[in-house]
Amino acid sequence: MKSEIKHIAILGSTGSIGTQALEVIRTHPNDFVVEVLTANGNADLLIQQAIEFKPNCVVIADEKKYQQVKEALSKHDIKVFAGNKSIEQVVQMDSVDIVLTAIVGYAGLASTISAIKAKKQIALANKETLVVAGDLVSALAKENGVNIYPVDSEHSAIFQCMAGEWNNPIEKIYLTASGGPFRGKDLKFLSTVTKAQALKHPNWDMGAKITIDSATMMNKGLEVIEAKWLFHLKPEQIEVIIHPQSIVHSIVQFKDGSMKAQMGLPDMKLPIQYALSYPNRLPSTFERFNFLNYPNLSFEQPDTKTFRCLHLAFEAMKKGGNIPCVLNAANEVAVNAFLTDQIPFLKIADIIEKTLEKVSFIQKPSYEDYVTSDKEARKRANELMDKLMLTTRTDANIAKKDELMPTTQTDANAVKKDELMPTTQTDANAAKKDELIQTTRMDANAAKKDELIQTTQTDANAAKKEEPQGIIHKELSYKINGILFKVHDELGRYAREKQYGDLFASYLEKEQINFSREKNISKTSVDNNRADFIVEDSIVVEFKVKSFITKEDYYQVKRYLEILNLKLGIITNFRQKFLKPKRILNSKAN
């Protein structure tokens, strides 16, 4: 069946879902036309997308970047607007058929409601819309005759299983979860996990916030609440099961006991394409599932004692009212705090739980009540976080003070004895001990002096060789890795190398990190190729956009290091599903 061309508005086009939606549209130019693109603050990528897809208009939410976008698109027939209110307005344009809501978090609620009031069909990737105000949004959709097509893989799976079954009541649904990067881990392990570990999802390629939500299992909790409203279910009709392989995306059980499951390799482009093309299925080049590659599919119960966020979400769903809104707000604050290294991983659940206790319950909230509840929850969560950080600093200072002070009087006497020099030679053993102490101190002073002389050497080349072993290998390389994760998160796996480079450079500039780029790197040339970046005259950074990194790629970076007489290079393959920058030490450097 040939379908009419659909005109799409993509809210959040520079994020993970937005960029993958544009890949789908790029593949099906005869089925979709981009009508509107919006972004929060990534002006550079928004400009590139606008030039390629030629939408009717674009909106940059960050009003400070309006002029940049306006000037860049001045030679193109594209209208440019700025601010969140503009996003709420452009979705109401007559030329828009369907709105893909891919703005992350609570921020996507107002524009989704605006689109529904304008009777636009919704492809919903922003689960928080239904988590925060499911009753309100559902009522508005019904009132305006608007269909909400789920984009989340699990809800898309339920939706696909329901095809031809709309008159058959659901007995129960099973939402599958991979278990995230910490499946099977205990609280002791989780108490020390890092941001980098939490961002390494085993199966899915997603944005930073949703990846952390998956690690805490809050993402599954939010999906449970979303499923309640999408499919008009009671809490007891929704169950979560852990399925590490992420092949079975969800299951519907009907009243006769039969079950339907939707299966496939984990790829968000499939549910995006289905939501945009429904009721048709368009051809795709997505990788096909092979049963022989997955001889075992396993399922297990979630551990809600270790991963308390899932339990908190179920409880919020059962209580209803404004409590899911409070849950979402507290989670957004806590996850942001973890991503910015302000709190440890396990404190995310603590902050959410305590926030839920402090915000007043409203059984039947209005839109204004939701707005107020969101603000109050964020305020309470930030207060709890500040208190936690203060307590942590105080405990650290006490611990440091205790470490410096003698733990017993015996220790104090021992220190005092060691400091006193013998006044007589009658005690041979004491004299021998004091001589040993004095010799040790002299050796320590000499070592300290040698160290001082060494660090103040005038040999610039020797200093340059030593520098990467300290600050460069630790602090700067970690900063670079963090920026690379941000770039990969914003652009996804299929951008052009220049796009990755431009965004990487912009982040370096924001961090006030000095760098040289490509043609400006005069020293470095291997096989007529220059290193992509040299950061702080210390680290070579090389970008690759290919299926995998080869031995020749490693050799190329090592040659760069030899030419520059440096020790550390970072090679990054942005085609990887999960970004893992590789560090290369130049073994020939002294």
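Student: Where does Lys-119 lie?

Tutor: In this predicted model, Lys-119 sits in the loop between helix H5 (109–117) and strand S6 (121–124).

Student: What makes phi of Lys-119 worth a remark?

Tutor: Phi of Lys-119 is near 65 degrees, a positive value, and Lys-119 is a residue other than glycine. His-232 gets the remark too: its phi is near 55 degrees, again positive in a residue other than glycine. You will find His-232 in the loop between helix H11 (218–230) and S9.

Student: How do you know whether His-232 is buried or exposed?

Tutor: Set its value against the cut-off. Exposed means over 50% relative accessible area, and His-232 has 69% relative accessibility, so His-232 counts as exposed.

Student: And what is Gly-257 called on that scale, and why?

Tutor: The class in between runs from the 20% limit for buried to the 50% limit for exposed. Gly-257 has 42% relative accessibility, so Gly-257 counts as partly exposed. Gly-257 belongs to the loop between strand S10 (248–254) and S11. Its C-alpha atom is separated by 8.0 Å from that of Glu-171, although these two residues are 86 residues apart along the chain.

Student: How many disulfides does the model have, and how do you know?

Tutor: In general, a disulfide is a covalent bond between the sulfur atoms of two cysteines. The test here asks for a pair of cysteine sulfur atoms within 2.5 Å. By this rule the count is 0.

Student: Let's turn to the sheets. What is the strand order in the sheet of 7 strands?

Tutor: The order is S4-S3-S2-S1-S5-S6-S7, in an open sheet with parallel pairing.

Student: Why do strand S4 (79–82) and strand S7 (148–150) stand at the edges?

Tutor: Each of S4 and S7 has a single partner strand, so one side of each is left without a neighbour in the sheet. From one strand to the next, the twist averages 20 degrees.

Student: How do you know that S1 and S2 pair?

Tutor: Two strands pair if at least two bridges are found between them. Strand S1 (residues 6–11) and strand S2 (residues 32–39) are joined by 6 bridges and run parallel, so by the rule of at least two bridges they pair. To find the place in the structure, look at Lys-6, which stands opposite Phe-32 in S2.

Student: Which strands make up the sheet of 4, and what is its pairing?

Tutor: This open sheet has the order S9-S8-S10-S11, with mixed pairing. Its edge strands are strand S9 (238–242) and S11, each of which pairs on one side only. Strand S8 (residues 170–177) runs parallel to S9, with 5 bridges between them. In S9, Ile-242 is the bridge partner of Ala-177.

Student: What makes up the lining of the largest cavity, by residue type?

Tutor: The lining divides into 6 nonpolar, 6 polar and 1 charged. By element, H7 gives the largest share, 4 residues.

Student: Which residues lie nearest the centre of the second largest pocket?

Tutor: They are Leu-265, Asp-267, Leu-270, Phe-286 and Glu-287, out of 28 lining residues. The volume of this pocket is about 630 Å³. H12 gives the most to its lining, with 5 residues. The lining splits into 13 nonpolar, 7 polar and 8 charged residues.

Student: What is the peptide bond from Tyr-278 to Pro-279 called, cis or trans?

Tutor: That bond is cis, with omega near 10 degrees. Pro-279 is in the loop between H12 and helix H13 (308–319).

Key:
Residues are numbered from 1 along each chain as its sequence is written. This is a predicted model: local features need pLDDT of at least 70, side-chain atom pairs count only at pLDDT 80 or more; totals for chains, interfaces and linings use all residues. Side-chain values use heavy atoms; hydrogens and water are left out. Helices (H or I, at least four residues) and strands (E, at least two) are DSSP runs, numbered from the N terminus. Ala, Val, Leu, Ile, Met, Phe, Trp, Tyr, Cys and Pro count as nonpolar, Asp, Glu, Lys and Arg as charged, and the others, Gly among them, as polar. On a 1 Å grid over the protein atoms alone, a cavity is a set of points where a 1.4 Å probe fits but cannot get out, and a pocket is an open set with protein on both sides within 12 Å along at least five of seven lines; lining residues have an atom within 4 Å of a point. Grid points are joined across faces, edges and corners, and a volume is the space filled by probe spheres set on the points. Axes are lines fitted to C-alpha atoms, for helices over the stretch in contact, and angles run from 0 to 180 degrees between N-to-C directions. Buried means under 20% relative accessible area, exposed over 50%, partly exposed in between (1.4 Å probe, protein chains only).
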